Amino acid sequence: MSLFLIDDLGEVWRSDSRALREAFDSPYSGGEFIEYAIRNLGFVGINIFGRSCQVRLRPDFVSERTTLGLLDWLGRSKTERVVLSLFESEWRDELLIGNRSLQRLEAVLDQGKRAKPDDFLSAPLTPDDIRSRSTLHDVLSTWPHLVGSYDARALIMLLRSVLGDRIVVLGKSPDQDRIQFREFGRNMFSDQDTWRMCAVGAPIEEMPDREFGRWVSKSYYEVLETGTPSFDSIDAIGNFSGTGRTRRRYRRFILPLPDDSASKLLVGGSIVDTSVDLRVAAR
């Protein structure tokens, strides 16, 4: 028996590929990773048994590229029988023979396009999340006092030190329509040096992954409007550095800084945390 996975870019991988697990920052291995990737990341699993195969997928999670990769693989394969295993509320199997395999798959995948999950997920941090991470707890508990005691520059320097320079500073001047990048900590977007060199002064939406930038911007505009800090867990899959889709998981906060009379300032900080998992399908 051979076992392969087709990822959300349509690439075919052997199921035991360490590179694939590392790219999606998965804590699972072997069969656990395969199940997880199919149910929560939109991958397709293919088990090959001679002239037969089993195709496992979750229709509403499969991307267009994965669909094309699967149909191309089946079109080139010499399989005579396909067991199609679909995960909806539970697993359901169908036996397909001959040309009906492609026809049925096309119908299933076309229907799945009507309901796509988000690549970018967030959830507010719970009190337990904050208490269990001393850095977050310290920032949240002391912030009201700090804002009343220090100016924006002093607060930025303090957060740089506390967060190991994983911060970004943004601002919106009265004559501007959009929030713009003002400065980056050396450990924020550290794998995107070329972009960072040109990003100061650019709108927040203009990140290497534009869809992610537009999604992130909504949280910053909300904090700007309400003046209320935001503390969230983030689980995002995107093309963050221009080298292919990867997964990032972290705890994030967005804090409003005291006005400097010329701009409204915000600071965003993050703590990498691979225990964040907002994708686990309800069983």
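By class, the lining of the largest cavity comprises five nonpolar, one polar and two charged residues. Here Ala, Val, Leu, Ile, Met, Phe, Trp, Tyr, Cys and Pro count as nonpolar, Asp, Glu, Lys and Arg as charged, and the others, Gly among them, as polar. The residues concerned are Phe 189, Gln 192, Met 207, Pro 208, Asp 209, Phe 212, Phe 240 and Arg 248. A cavity is a set of points, on a 1 Å grid over the protein atoms alone, where a 1.4 Å probe fits but cannot get out, whereas a pocket is an open set with protein on both sides within 12 Å along at least five of seven lines; lining residues have an atom within 4 Å of a point. The largest cavity holds about 40 Å³ of space, and the structure has one cavity of 30 Å³ or more. A volume is the space filled by probe spheres set on the points, and grid points are joined across faces, edges and corners.

The model is a predicted one, in which local features need pLDDT of at least 70 and side-chain atom pairs count only at pLDDT 80 or more, while totals for chains, interfaces and linings use all residues. Residues are numbered from 1 along each chain as its sequence is written, and side-chain values use heavy atoms, with hydrogens and water left out.

The chain as a whole may be considered next. Its secondary structure comes to nine helices and twelve strands; these are DSSP runs numbered from the N terminus, with helices (H or I) of at least four residues and strands (E) of at least two. Of the 283 residues in the chain, 48% are buried, where buried means under 20% relative accessible area, exposed over 50% and partly exposed in between (1.4 Å probe, protein chains only).

The largest pocket has a volume of about 430 Å³. Among the 26 residues that line this pocket, Arg 166, Met 188, Arg 248, Tyr 250 and Ser 270 are the closest to its centre. Two or more lining residues come from each of strand S8 (167–172), helix H9 (210–226), strand S11 (246–256) and strand S12 (264–272). S11 gives the most, with five residues. The pocket lining divides into 13 nonpolar, six polar and seven charged residues.

Strand S11 also contains Pro 256. This residue counts as buried because its relative accessibility is 17%. Leaving aside neighbours within four places in sequence, Pro 256 is in contact (heavy atoms within 4.5 Å) with Trp 143, Val 223, Gly 227, Pro 229, Leu 265 and Leu 266.

Helix H7 (residues 152–162) has the buried residues Ala 152, Leu 155, Ile 156, Leu 159 and Arg 160. Seen down the axis of H7, these residues fall within an arc of 140°, so they line one face of the helix; the arc is that of the directions from the helix axis to the C-beta atoms. Their cover includes helix H6 (134–149), S8, strand S9 (180–184), S11 and S12. Just after H7, Gly 164 takes a positive phi of about 60°.

Elsewhere, strands S5 (residues 81–87) and S6 (residues 91–97) run antiparallel and are joined by seven bridges; two strands pair if DSSP finds at least two bridges between them. S5 and S6 form a hairpin with three residues between them, and Ser 85 stands opposite Asp 93 in S6.
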